[in-house]
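Biologist: I'd like to go through some helix packing and ring contacts here. Please put it on screen before we start.

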Amino acid sequence: MITLQLLVNGLALGAAYALVALGFVLVLNATAAVNFAQGDLVMAGGMLGVALAPHLPDHLPLPGLLLLPVVLTLMAGLGLLLAAAAYLPLRRRPPVAVFISTIAAGIILQNGASVLFGPEPRAAPPLLGGGTLDLGGLVVAEQSLAIIAVAALLIAGQQWLFGRTQLGRRLRATAQDPEMARACGVPVTAMILITFALGTAFAGAAGLLLANRYFVTPTAGGDLILKAYIAVTIGGWGSVPGAVAGALLIALFEVGVSSVLSYPVALGLLYATLLVILVARPQGLFGEAARRRA
Amino acid sequence: MMLAVLVAYALLYASPYGLRVLTVAGVYALAAVGFQIVFGLGGALSLAHGAFFGLGAYATGILGSQWGWGFAATFPVSLLVPLLLALLVGLPVLRLESHYFALATLGIAQVVHLLAVNSPGLTGGANGLPGVPGIVLFGWAVPRGLPLAAVVWGFVALGGLLAWSLARGRWGRALTLVRDDPLAAGTLGLDVGGLRLAAFALSAVYAGAAGALAVHTQRVVSPEVLEFPVMVSVLTIAVVGGRGRVAGAILGAVLLLHLPEWFRFLERSYLIVYGVALLATIVLAPHGLTGLLDRLFPARPAPLPMPAAPPDIAVPNGPLLRVEGLTKGFGGVRAVDGVSLTLEAGTITGLIGPNGSGKTTLVNLISGLETPDGGRVLMGGADLAGRRPDRIARAGIARTFQAVSLPDAASVLAAVAAARLERDGSIAQAEAHALWALERLGAADLAAKPCAGLPAALRRRVELARALARQPAVLLLDEPAAGLTDGEKAELAGHLRAIAATGTALLVVEHDMGFLLPLAGHVLCLDQGRPLYAGPPEGVRSDPAVVAAYLGEGA
């Protein structure tokens with residue numbers, strides 16, 4: 001039963017990581033730019049939840065559920081801002097310029113949050129109730145179910161958007177070959193802006209969901225960007241399903257190792273795994289020569 | 001001049017607090033000078049420099065406070081520990097490209113941080129270790145205040161001078177080329193991996209020195225020295241000051257360490273200022289403060305050297321180059337499939353074939369940019385197949401690229417002189433030889449021009465001069481006539497004949513039959529990686545297989 005319990009916890013954590021990694025890989029595919037601020041954007045989503053909590057109407061049955069659309073919208077706006085400030089002016093420059101500009105954006109987010117909220121860990125309100133459900137001896141936090149459900153919905157929504165709609169076709173065309181897409185009349189800049197908004201909204205949703213179960217601090221993004229990166233590296237650079245699978249894998253690993261040994265050991269092993277994978281198979285465990293991209 | 005300003009500042013604002021800020025600025029200046037070597041010159045965004053800084057700090061902190069070692073013993077160890085880590089992780093990690101490298105080095109930094117926080121027995125854990133002794137130089141215990149600031153800035157001056165002379169010399173030029181164009185650097189005889197590793201290791205030594213001095217200034221060591229803000233500060237200083245410039249590191253450090261004093265209302269979160277400064281610089285002034293100063297006070301162009309012919313390299317007897325059964329597949333497709341050819345001294349061989357027939361792959365295999373699956377590349381009795389590009393280049397093979405690659409920021413003379421960095425003793429000598437090569441192609445008047453903005457035909461000319469400056473025994477040209485006018489083609493043909501007449505063997509990949517057939521003494525035609533025709537140029541047009549595969553396609 002303990003194993004099953006860990007599995008559910010790992011799945012919930014993995015679902016949140018999957019949103020982070022998915023946002024990261026969408027932006028990577030569309031712009032060939034590594035968004036180093038992705039971890040800090042997760043933190044920003046959590047902090048938005050913290051900030052909005054006092055304003056929730058308490059006469060509704062599930063006030064926390066209101067947070068999701070509000071945070072998604074605000075974060076999408078932040079994504080547009082990020083693209084306008086840190087990506088669009090640098091798109092003709094070497095990739096390292098965008099990498100550094102997103103490091104800068106992350107620093108600003110991190111320290112802005114530190115000024116506004118202080119360094120103490122904060123919790124965002126739960127989406128459903130704050131309680132637990134007893135499923136025949138298996139005790140599951142309602143928030144875990146909320147994380148899994150919201151992540152599944154958003155990922156399915158992304159799949160539908162990219163796979164089934166005209167906008168999705170244009171987004172994919174931009175990711176595959178921006179020059180070609182532009183030649184075919186796709187408004188590439190608008191597509192890139194939408195991708196940034198999506199990627200940032202996903203990061204924000206993950207932050208909101210995680211900040212209830214695991215708390216949030218201004219510096220929480222540092223480890224998250226590396227975890228998103230590891231997930232993407234395991235899944236093969238540029239692969240959307242790979243990123244989701246990689247995120248689930250590292251979350252299960254993290255929860256498993258943490259329960260037997262400790263969280264620092266789990267984290268250290270994750271980073272060590274990253275280094276080994278990078279050196280042995282820089283294209284990712286399941287990826288093909290994606291290394292030449294970017 | 002900058003030094004005089006600093007000294008005047010130190011003496012005028014000699015409040016203990018002001019001197020402390022200045023001392024810390026010196027510590028970061030030293031770390032940033034080192035960072036300029038790997039990031040500015042080498043182009044590798046290392047995020048492990050916080051870890052190197054922290055390792056230097058912990059080495060001094062542990063040995064000084066726990067073991068009672070003095071500065072004379074702890075300081076060298078603080079240089080050595082980051083150096084060893086850099087050498088250990090550098091070899092595998094430096095092979096990674098751009099952001100893979102950046103995030104891998106960040107992973108290394110996180111592991112070091114985790115270890116420091118979770119080994120309380122050794123490091124004091126999250127609390128750190130107090131009681132780190134001060135600096136003792138030749139029996140003199142350096143007191144805080146002006147003397148400590150002077151000693152720290154003395155180290156900055158030493159380190160800065162060393163880095164400055166390295167950056168200006170052959171090594172710095174070579175590193176810059178490795179940054180701008182690693183492929184071309186390899187084919188010009190430069191050991192790309194070795195240069196990157198040396199830059200990474202040297203910059204780790206600087207970071208370690210800075211970390212040691214930081215701990216002597218603070219008298220305690222705690223995990224803060226390993227946290228990301230240290231790395232952020234060093235990166236911001238380097239970018240804001242001006243990438244790759246020693247003066248930029250010093251200017252950036254003094255400015256950015258004093259900025260928080262002017263933005264006191266932000267309290268602990270002075271890093272916001274760093275973030276904004278970093279973002280603004282990257283977007284608005286990519287060359288940083290020193291770049292802006294350069295634009296205000298442009299340097300006078302250096303006088304051109306006297307051209308001098310580089311010494312000939314020994315040319316073996318018999319055929320210069322023999323390729324036997326060379327084979328290369330990409331994921332099941334045989335791009336080159338059992339190709340053999342012989343290049344004799346003083347001859348021009350044409351390599352033709354439809355698009356995708358494996359011409360460029362063959363040139364890449366010979367010059368070492370791709371590793372063959374099978375076959376031999378023989379030169380003077382040695383098999384070069386599968387060797388590193390720089391080894392092959394040193395054996396006497398030079399090449400040009402289908403898409404001309406020249407470093408935009410460099411002058412034409414500097415770009416061509418890059419070909420001589422591996423052989424000549426000094427930059428001056430390399431430039432003299434480069435001017436000779438430019439003169440030989442009638443392009444000496446371009447020498448002082450920047451590579452950026454040169455028209456396509458002249459870019460090709462400069463690239464040819466760069467290959468020629470190596471005095472190659474074998475010269476591989478990938479579509480040298482692409483995009484040239486008829487007049488320019490005729491001129492190029494004359495130059496190629498003249499080069500062959502000196503004994504160099506030329507292999508020319510070309511689509512333009514009108515240009516190639518009168519020029520070449522021998523023609524090899526590839527189709528889907530296989531030789532289709534090998535013989536005199538006159539036979540090409542009448543060979544039915546060639547006509548079917550190639551000429552029929554509208555040449």
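Modeller: Helices are DSSP runs (H or I, at least four residues), numbered from the N terminus. It's a predicted model, where local features need pLDDT of at least 70 and side-chain atom pairs count only at pLDDT 80 or more, while totals for chains, interfaces and linings use all residues. Residues are numbered from 1 along each chain as its sequence is written, chains are lettered from A and ligands numbered from 1 in the order in which they are written, and side-chain values use heavy atoms, leaving out hydrogens and water.

Biologist: Okay, which orientation do H12(B) and H14(B) have to each other?

Modeller: Helix H12 (residues 246-262) and helix H14 (residues 288-296) of chain B pack at about 115 degrees, their axes 8 Å apart. The cut-offs are under 35 degrees for roughly parallel, over 145 for roughly antiparallel, 65 to 115 for roughly perpendicular, and oblique for the rest. H12(B) and H14(B) are therefore roughly perpendicular.

Biologist: And which residues of H14(B) make that contact?

Modeller: Contact means heavy atoms within 4.5 Å. H12(B) brings in Ala247(B), Gly248(B), Leu251(B) and Leu255(B), and they meet Leu289(B), Thr290(B) and Leu293(B).

Biologist: Which residue has its charged end over the ring of Phe39(B)?

Modeller: The rule asks for NZ of Lys or CZ of Arg within 6 Å of the ring centre and within 35 degrees of the ring normal. At 4.2 Å from the centre of the Phe39(B) ring sits the charged end of Arg243(B).

Biologist: Last one: is Asn364(B) buried or exposed?

Modeller: Asn364(B) is in helix H15 (residues 359-367) of chain B. Leaving aside residues up to four places away in sequence, Asn364(B) touches Leu369(B), Glu370(B) and Arg399(B). Buried means under 20% relative accessible area, exposed over 50%, partly exposed in between (1.4 Å probe, protein chains only). With a relative accessible area of 14%, Asn364(B) is buried.

How values were computed:
Helix = DSSP H or I, 4+ residues; strand = E, 2+ residues; numbered from the N terminus. Axes fitted to C-alpha atoms, helices over the stretch in contact; angles between N-to-C directions.
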